[in-house]
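Subject: Structure for you to look at

Dear colleague,

I am handing over the structure below, followed by notes on what was found in it. Please read the notes with the coordinates open beside them.

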Amino acid sequence: MSSQIFFLNGPNANLYGMDKGGTYGRESFASIGERCQRRAQALGVELQFRQSNHEGVIVDWIQEARQQADGLIINAAGLTYSSVPILDGLLMYDGPIIEAHMSNIWQREPFRHHSMVSKAATGVIAGLGVLGYELAIEAIVALIQAKAS
């Protein structure tokens, strides 16, 4: 059986490719999801690529991951900087967690320099755009394999 990975995206990630400043690149969220699915397939893993604008839904998915996912990747987006419920859910997840951000959060507004998610994350990938999403999938697969051996 192949490994199951959850890749959770938070508020407004569904608008990637549409922001006028280009902070998140020009590629649509649907296209990013397709790229991630292809990368996961090439690595022989199943990927649940999800997005919600609602904190509670993301918490529900983290709880679902406790039963179903071998690894979890999360870009909590704007909730990265404020969500204790997401942090608490992640702290109760036993598998590896990669925190992923399209932009380099440390080069942006000061309020983005502190991530609530990082305390629970095994590692963080930021500032590499869509490439960072693909690298997050590679990293989580390597962490799952390392844990299994």
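Glu 134 is buried, because its relative accessible area is 15%, where buried means under 20% relative accessible area, exposed over 50% and partly exposed in between, computed with a 1.4 Å probe on protein chains only. Glu 134 lies in helix H4, residues 129-148; helices (H or I, at least four residues) and strands (E, at least two) are DSSP runs numbered from the N terminus. Its side chain makes a polar contact of 2.7 Å with the side chain of Arg 35, a polar contact being a pair of N or O atoms within 3.5 Å, of which, within protein, one must be able to donate a hydrogen and the other to accept it, while residues adjacent in sequence count only if both atoms are side-chain atoms. When neighbours within four places in sequence are left aside, Glu 134 is in contact with Arg 35 and Arg 39, contact meaning heavy atoms within 4.5 Å.

Before going further, please note that this is a predicted model, in which local features need pLDDT of at least 70 and side-chain atom pairs count only at pLDDT 80 or more, whereas totals for chains, interfaces and linings use all residues. Residues are numbered from 1 along each chain as its sequence is written, and side-chain values use heavy atoms, with hydrogens and water left out.

Not counting residues up to four places away in sequence, Arg 35 touches Glu 27, Val 130 and Glu 134.

A nonpolar core is here a set of buried Ala, Val, Leu, Ile, Met, Phe, Trp, Tyr and Cys residues joined through side-chain atoms within 4.5 Å. The largest has 23 residues, and those with the most contacts inside it are Phe 7, Ile 73 and Tyr 133. At least two residues of this core come from each of S1, helix H1 (29-42), S2, S4 and H4, and H4 gives the largest share, seven residues. A second, separate core of 21 residues includes Ile 62, Leu 79, Val 117 and Ala 120.

Ile 62 is also one of the buried residues of helix H2, the others being Ile 58, Val 59, Trp 61 and Ala 65. These residues lie on the same side of H2, because they cover an arc of only 160° around the axis, the arc being that of the directions from the helix axis to the C-beta atoms. Among the elements that cover them are strand S1 (4-9), strand S2 (46-51), strand S3 (71-75) and helix H3 (84-91).

Lastly, which residues does UniProt list for "active site"? The unreviewed entry lists Tyr 24 and His 101; UniProt positions are given in the numbering used here, feature names are shortened, and annotations may be inferred rather than shown by experiment. His 101 is in strand S4, residues 97-101, and counts as buried at 4% relative accessibility. The side chain of His 101 makes a polar contact of 2.7 Å with the side chain of Glu 99. Among the residues that His 101 touches, not counting those up to four places away in sequence, is Asn 75, which is in strand S3 and is buried, with a relative accessible area of 2%. A polar contact of 2.9 Å joins the side chains of Asn 75 and Tyr 16.

With best regards
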